[in-house]
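Hi,

Here is the structure you were after.

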Amino acid sequence: MRGVIMKSARDVRVEDVEEPRIIESTDAVISLTATCICGSDLWPYRGIEPVDNQPMGHEYVGIVKEIGDAVTTVAPGDFVVGSFCLSDGTCEICTAGYPSRCANGGFMSGSQAQKVRVPLADGTLVKTPGMPDPDLIPSLLAASDVLGTGWFGAVAAESGPGKTVAVVGDGAVGLMAILAAKQLGAERIIAMSRHESRQKLAREFGATDIVEERGDAGVAKIKELTNGYGAHSVVEAVGTQESMLQAIHSTRPGGHVGFVGVSHDVEIPGGDLFFSEVHLFGGPAPVRRFLPELIKLIWERKINPGKVFDLTLPLEDAAEGYKAMDERRAIKVLLKP
Ligand SMILES: [Zn+2]
C-alpha cells in the first residue's frame, strides 16, 4: 500500500508502507476515497515542529473495509467521515461535548494513504446516509477537520444573529469560519485577508467586509467598522502571537474570541487579558460533535465547503501538494489515493 511519509522538514515522500489491520476490537480499517493536506502539516514541513519519518494525514473519508468485534455503529461497505481526533464517545468529556479532549482519545495519523486504521471507530466515525455523489466528496472531506474546526471557532466566538463576526486568518480554517458564521446567522462578517483569491472565496462563503490591514492597523480598521466598539465575535484561525493579540484587541468588551489556530508560542500579556474584558475559548475542535449536523447540511446541498480545495492531486504527487500549500499557491490540497 502507498502512504505519505514526512522524512524530515521539506522532505515528503510517497512510499510502500505496511497495510493497516485491526489491532484493537474497537478499530475499523477504511479504504480512503479522498484525503488532504492540513495547514497544521506545514508546521513540521517548515521545521517549526520536529518530524522524523512521520506517516502524515488526519483528514479522511472512505469506505469501511473491516471492523473489530466490538464495533457496532459502522459496518463494512459504509461510507464514513471521521474526526481528526479519536474519541470513545462515552467518557465524561465526550458526553459533555468535547470529544477532541476525550479521556481515552488521541489524534488520527496516517490518513494520507490508500487505507488507514481508525481506533475507537464507534466514537470517531459517522456514516453518511448512503454512497455520496462524487461532487459531495470534497465537502464531506472538509467536514473531517477544516470545516469542523472553522465551525467550532464560530461557535466558540458565539457567532449568531445580530452579531458582527471578524475572522483573523484567511487560510482554509478561517474561510470555513466565515461559512459557519453565515450559517449561524451573523449579521456582518469581516474577513481579514490581503490575498485577492482568498478574499473572493471569503465573499462567496458569506463575508460582507474585507480588511487587508494586520496587527494594530487591522484592529483600528475593525474598530472603525464597528462604531469604535470592536466586533462582538472574533475567530482566531492562525495561532501566532500577532494573530492572537489582533483577535483579542479586535473584540469589544464582553465579546467572545474563538481561537482555533494551533497555538505556537503565544503569550498573552496580563494587562491585555485583564483590560480587554473578553471571553476566550478555543482549542482542538470537537469536530465529532458537529459531524452529524455538518453531514446533513452537505447532503442537502445547503453548504459547499468543498470549494476550499483549490488543487486536487493524485496521492503519488503529495510532495507537490505540500510545496503548493507552503508557497501559498494553493489554499488546500485534496489528494486522491
Ligand atoms: Zn471520551
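Predicted model: local features only at pLDDT ≥ 70, side-chain atom pairs only at ≥ 80, totals over all residues.

Below is what turned up, from the whole chain down to single residues.

**The whole chain**

The protein chain has twelve helices and 18 strands. Its C-alpha atoms fill a box of roughly 60 × 40 × 40 Å along the principal axes. The radius of gyration is 19 Å, which agrees with the value near 20 Å that a compact globule of 337 residues would have. Of those 337 residues, 52% count as buried. If you take contacts between residues at least 6 apart in sequence, 69% of them join residues at least 24 apart.

As for annotation, the unreviewed UniProt entry carries "domain: Enoyl reductase (ER)" over residues 7-335. That span is 31% helix and 25% strand, and its end C-alpha atoms lie 19 Å apart.

**Two domains**

The chain divides into domain 1 (2-145 + 286-336) and domain 2 (149-282). Their centres, taken over C-alpha atoms, are separated by 26 Å. Where they meet, 15 residues of domain 1 are in contact with 14 residues of domain 2. On the domain 1 side, helix α11 (residues 287-299) gives the most, with three residues.

Leu291 is worth a look while you are in α11, the helix where it sits. Is Leu291 buried or exposed? It counts as buried, because 24 other C-beta atoms lie within 10 Å and the cut-off for buried is 20 or more. Leaving aside neighbours within four places in sequence, Leu291 is in contact with Val81, Ser83, Val126, Ala143 and Gly148. Asp272 is 19 residues away from Leu291 along the chain, yet their C-alpha atoms are separated by 35 Å.

**The core**

In soluble globular proteins, nonpolar side chains tend to be buried together. Here, the largest nonpolar core has 108 residues. Those with the most contacts inside this core are Ala28, Val165, Val167, Met176, Ala177, Ile178 and Val235. Helix α6 (residues 172-183) supplies the largest share of the core, nine residues. The core also draws at least three residues from each of domain 1 and domain 2.

Which residues does Val235 touch, beyond its neighbours within four places in sequence? The list is Gly153, Ala154, Ala157, Val165, Val167, Val168, Ala177, Gly258 and Val260.

In α7 (residues 196-205), the buried residues are Arg198, Leu201, Ala202 and Phe205. They fall within an arc of 105° seen down the axis, so they line one face of the helix. The elements they pack against are α6, β12 and β13. Just after α7, Gly206 takes a positive phi of about 130°.

In α8 (residues 215-225), Gly218, Val219, Lys221 and Ile222 are buried. These cover an arc of only 160° around the axis, which puts them on the same side of α8. The cover over that buried side includes β11 (164-168), β12 (188-192), β13 (209-211), β14 (231-236) and α9 (241-250). Turn to the opposite face of α8 and you find the exposed residues Asp216, Ala217 and Glu224. Just after α8 comes Asn227, with a positive phi of about 55°.

Note that β12 and β13 turn up for both helices: they pack against the buried residues of α7, and they are among the elements covering those of α8.

**One more residue: His279**

His279 is in strand β16 (residues 279-282). Why does His279 count as partly exposed? It has 15 other C-beta atoms within 10 Å, and that falls between the cut-offs of 12 or fewer for exposed and 20 or more for buried. Not counting residues up to four places away in sequence, His279 touches His256 and Val257. Glu187 is 92 residues from His279 in sequence and 20 Å from it in space, C-alpha to C-alpha.

Cheers

Technical notes. Residues numbered from 1 in each chain as written. UniProt positions renumbered as here; feature names shortened; annotations may be inferred. Helix = DSSP H or I, 4+ residues; strand = E, 2+ residues; numbered from the N terminus. Contact = placed C-beta atoms within 7 Å. Rg over C-alpha atoms; globule rule 2.2 N^0.38 Å. Arc of directions from axis to C-beta. Core = buried A, V, L, I, M, F, W, Y, C linked by C-beta atoms within 7 Å. Domains from an automatic or database assignment.
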